[in-house]
Amino acid sequence: MSETPPRSQPDEALIDLLVKRVTEGLSSAEQRELDVLDSAAASAYLRDLEKAAAALTVAASSGAEPLPAGLAQRLARCADEHVSALATANVVGLDAARSTRQDATAESREAAPPHVHSRSGTYGWLAAAACFLLAVYAWMRSPPQTQAPNEVIVPSLPATAAVQPPPAAPTPSEERAAMLAQSNTVKVTLNGTKDPAGKGVTGDAVWDPVTQKGFLHFVGLASNDPSSSQYQIWIFDAARDSRYPVDGGVFDVPATADDVVIPINAALAVSKVAAFAVTVEKPGGVVVSARQHVVVLGAAS
Amino acid sequence: MSSSTLQRIAAGDSAALRDCIDQYGALVWSIARRLSRTPADAEDATQEIFLDIWRSAARFDASQGSDKVFIAMIARRRLIDRLRKTSAEPPMDPLEYVDAVSWTEASASSETAMEAEQATRALAELRPEQRQVLELGLLHGMSQSEIAAKLQMPLGTVKSFMRRGLIKVREYMNIEAEGVSSSV
């Protein structure tokens, strides 16, 4: 058999960590060590090892017994719920954004962070959340925000969404105020991160777990140019894998607005809100954020 | 060229979700059974894995590998994460399937993905004890420490066998893949 083609290869200690990651997973300490040693070569190597392990697993699964009937029915229901959740998202106007995202997904396939980076990304979220706790402390010591919100900024999903609501309909600010007064809603304090767009941002989120509706309220969030980037909301569900937060829709902040209220359009049902985050993404948003620009974070208590 | 089920899911074909369950249910279930602590865990894990598959379908690239191997990668990641979260005990009946589960002979099944055949051919070049270490680790979810205890083998040797075995399979797959691509 010929020799392995020349390719940048991690050292033995790093390979041992990668092999353990693939075969049995890593402890927190080992994962931190891997994060420190992380490199593009290691990420590529990890994917190769994962692929090798998966191929061996497939080879051993030939002639596997079929799914139990009960589980097959459960999965079928799950598939139907998944489809209807996506359909609901389309009804509320996310279809245009989603088709853009599917196009974007093909583009980003190669750019999608390898698993090592994905794990690092997870720690990035956690690190940002830790920063958030410090920011919460500072936020609690600062005087309460007394300025009333200015006019509401309507999310920029479909063009028709920019149409002003009928006079009799409550504005998002009014809906938010009513929601804040309810005892069964989840209230979360939001703070900007160290990202340039998030510096000095304060705000809050309110979420009604029954109606699956909610609002984000920001003060000081920088305006964006919708032709080059948009803000995207992410909802972390305690019942879901934290690597895959639920898409909450995209929105814009005009240059004239300092105080904005944004309706949340969750693409999937949220069982238990754990946190909210806002990232800066390409126009139309993305399916999975690269988390390069996390601008706002807030964790539910 | 017709689209794969994963490509249909990525394109928004809602019927493809159920097709995905029909096509890959047995594969996912067999992996989940081996790498879960209880049958109930395996059922929950299978549901989570399918959600992961549907969400990740857009990232599937047919030029990078088969759908089966892509799905097995997703399944393994999810199951290992679940095992780490409740790592007090080994998966259910870790040795129950030692005799029943083994790697198929290359080309023995027309349904086996090409990468799986490549991996099996690479396995044939390993020493029996290396194969055994890989089998216990990959197919039965045993940790390196558990394998060392089971086989009464130094932990360093288990690590070495595991590392060399996976590297061998990885090299074999890369070389064969390059051979295929250069011959097309």
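I started with strand β6 (residues 259-264) of chain A, which six bridges join to β3(A), the two running antiparallel. Strands here are DSSP runs of type E of at least two residues, helices are H or I runs of at least four residues, and both are numbered from the N terminus. I count two strands as paired if DSSP finds at least two bridges between them. I noted one pair by name: A:Leu216 has A:Ile262 as its bridge partner in β6(A).

A note on the model: it is predicted, so I kept local features to pLDDT of at least 70 and side-chain atom pairs to pLDDT 80 or more, while totals for chains, interfaces and linings use all residues. Residues are numbered from 1 along each chain as its sequence is written, and chains are lettered from A and ligands numbered from 1 in the order in which they are written.

Next I looked at the other neighbour of β3(A). Strand β2 (residues 202-208) of chain A pairs with β3(A) in the antiparallel sense over seven bridges. A:Gly203 has A:Phe218 as bridge partner, and A:Asp204 stands opposite A:His217. The two strands form a hairpin with four residues between them, and A:Gln212 in the turn has a positive phi of about 60°.

Is β3(A) enclosed or open? Five of the seven residues of β3 (residues 213-219) are buried, so the strand is largely enclosed by the rest of the structure. Buried means 20 or more other C-beta atoms within 10 Å of a residue's own, exposed means 12 or fewer, and partly exposed is in between, with C-beta atoms placed from the backbone.

Then I traced the whole sheet. It is open, with eight antiparallel strands of chain A in the order β5-β4-β7-β8-β1-β2-β3-β6. β5 (246-251) and β6 stand at the edges with a single partner strand each, so one side of each has no neighbour in the sheet.

Last, I turned to the contact between the chains, where residues touch if their C-beta atoms, placed from the backbone, lie within 7 Å. Chain B gives 60 residues and chain A gives 44. On the chain B side, α8(B) supplies the largest share, eleven residues. By class, that side has 28 nonpolar, 16 polar and 16 charged residues. Here Ala, Val, Leu, Ile, Met, Phe, Trp, Tyr, Cys and Pro count as nonpolar, Asp, Glu, Lys and Arg as charged, and the others, Gly among them, as polar.

Key: Two residues are in contact if their C-beta atoms, placed from the backbone, lie within 7 Å.
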